[in-house]
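Subject: Structure handover

Hello,

Here is the structure we talked about. Please open it first, then read the notes below.

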Amino acid sequence: MTDLRNQFIARIAAIGPLTLAEFITDCLLHPKYGYYTTRTPFGRAGDFITAPEISQMFGEILGLWLAQIWRDQGSASKFALVELGPGRGTLMADILRATRGISGFHDALDLHLIEASPSLQDQQSKQLGLVAPTWHQTLNTVPDLPLFLLANEFFDALPVRQFIRDGRQWRERCITIREGVLAFGLTDAAPQAALVHRLTDTKQGDLVETCAPAQAITQQIGQRIKAQGGAALIIDYGNWRSLGDTVQSVQGHKPIPPLSSPGLSDITAHVDFEALAMASPSAHTWPTAQGVFLERLGITERANVLAKTLQGSNLKSHIAAHHRLTHPAEMGELFKAMALFPKNYPSPPGLDL
Ligand code: SAH
């Protein structure tokens, strides 16, 4: 039994059931036992693999996307380049390498990383070498400059709550103890102010998810972009509107029941892009399939150039990586990219408007 599981059991016995969000928060970020605090989950040897870890092309393309928007908005002489949840730092390292040749871009950028896990901060520092970022727990302490922000698989790690419709009220799914083990339970039905708009598109028994932290962060990002310019690119798996239970836990690249391994497995939920778009006071694009977005920005041309330098198994894995990032049956369709941008500037390239 993990220590975190014992802590949950003691806490529930003392104060009653936990919300799913309370459970997820501790599973991922508990200072001593949290998944991101104690492990390096990424890569083949870890529990899952993310787009920047699949191929350098992902970061290269996003870097040039950012640089294009920076130019379209007049090449600000100073801006904040921000990444939310940079993992191993691979995406940012690729972005910085790909944009080295863009005149003035590196001189203007001020690098800020929002990372809750001290051990991942260490890895990011090593990966970025001579470039010295400033780390933050939240956006509050990032300087108020034009904001160019990336978030790949960050929002899916934020804690969701789940509600099941009962008449015009909702029962919240909670974590309780049954026969000595952690189990899902339901609260009594109650009205939910944040879900009034979902009474029109749901029926008895439907489950919806909410993620208040995701909405709060997006609102903050959108306010800065509206006031100072810039753009934010959010890439994650999810849909325009949440419906149904999307919480999943992954260990060693395989799904496991979400309550079975607290602190030792990743827990994520699909991102509700509508909730993010509605929380932001800036303009937004539509969430666009990752494969379509990367193809529009020229990933195949880039793949062909790189292929010329490769042979044998390296070439094979390069082709597989391109396929994995873009093909609808792999990450191409489930993953979506959505940008926030200021209304009075050209819209960002590659995304549906
Ligand atoms: N973007 C990376 C990693 C995604 S995993 C990639 O694509 O490979 C999620 C990342 O978000 C991790 O770095 C995790 O430590 C960080 N994270 C999760 N919740 C966070 C929070 N509330 N505040 C800051 N960082 C968080």
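Threonine 218 touches Phe155, Leu276, Ala279, Ser280 and Leu340, leaving out residues up to four places away in sequence. Threonine 218 sits in helix 9, which covers residues 212–228. Is threonine 218 buried or exposed? Threonine 218 counts as buried because its relative accessibility is 0%. Keep in mind that this is a predicted model.

Domains

Domain 1 is 3–29 + 160–207, and domain 2 is 35–159 + 210–341. Their C-alpha centres are 29 Å apart. To the contact between them, domain 1 brings 26 residues and domain 2 brings 25 residues.

Nonpolar cores

The largest nonpolar core has 49 residues. Which of them touch the most other members? They are Phe23, Val82, Leu84, Leu149, Phe155 and Ile221. Helix 2, residues 20–29, gives the most to this core, with 5 residues. The core draws on both domains: at least three residues come from each of domain 1 and domain 2.

Take leucine 84 as a case. Not counting residues up to four places away in sequence, leucine 84 touches Ile114, Leu149, Leu150, Ala151, Phe154, Phe155, Ile217 and Ile221. Another core lies apart from the largest one. This other core holds 43 residues, among them Phe58, Ile61, Ala67 and Ala108.

Ligand site

There are 19 residues around the ligand. Which come nearest? Thr50, Gly85, Gly87, Glu115 and Asn152 do.

- Threonine 50: an N or O atom of its side chain is 2.5 Å from an oxygen atom of the ligand.
- Glycine 85: a polar backbone atom is 2.7 Å from a nitrogen atom of the ligand.
- Alanine 116: a polar backbone atom is 3.2 Å from a nitrogen atom of the ligand.

How much of the ligand does the protein bury? Taken alone, the ligand exposes 580 Å², and the protein buries 93% of that.

Aspartate 26 is in helix 2. Leaving out residues up to four places away in sequence, aspartate 26 touches Leu4, Phe8, Arg11 and Gly34. With arginine 11 there is a side-chain polar contact of 2.9 Å to aspartate 26. Phenylalanine 8 is 18 residues from aspartate 26 in sequence, and their C-alpha atoms are 9.1 Å apart.

Glutamate 274 lies in helix 10, residues 273–279. Is glutamate 274 buried or exposed? Glutamate 274 is buried, because its relative accessible area is 14% and the cut-off for buried is under 20%. Neighbours within four places in sequence aside, glutamate 274 is in contact with Asn239, Trp240 and Arg241. The side chains of glutamate 274 and arginine 241 form a polar contact of 2.7 Å. Leucine 81 is 193 residues from glutamate 274 in sequence, with 25 Å between their C-alpha atoms.

Best regards

Technical notes. Residues numbered from 1 in each chain as written. Predicted model: local features only at pLDDT ≥ 70, side-chain atom pairs only at ≥ 80, totals over all residues. Heavy atoms only, no water. Core = buried A, V, L, I, M, F, W, Y, C linked by side-chain atoms within 4.5 Å. Buried < 20%, exposed > 50% of the residue type's maximum accessible area, 1.4 Å probe, protein only. Helix = DSSP H or I, 4+ residues; strand = E, 2+ residues; numbered from the N terminus. Domains from an automatic or database assignment. Contact = heavy atoms within 4.5 Å. Near = heavy atom within 4 Å. Polar contact = N/O pair within 3.5 Å; in protein donor to acceptor, adjacent residues only side chain to side chain. Areas by Shrake-Rupley, 256 points an atom, 1.4 Å probe, with all protein chains shown as cover.
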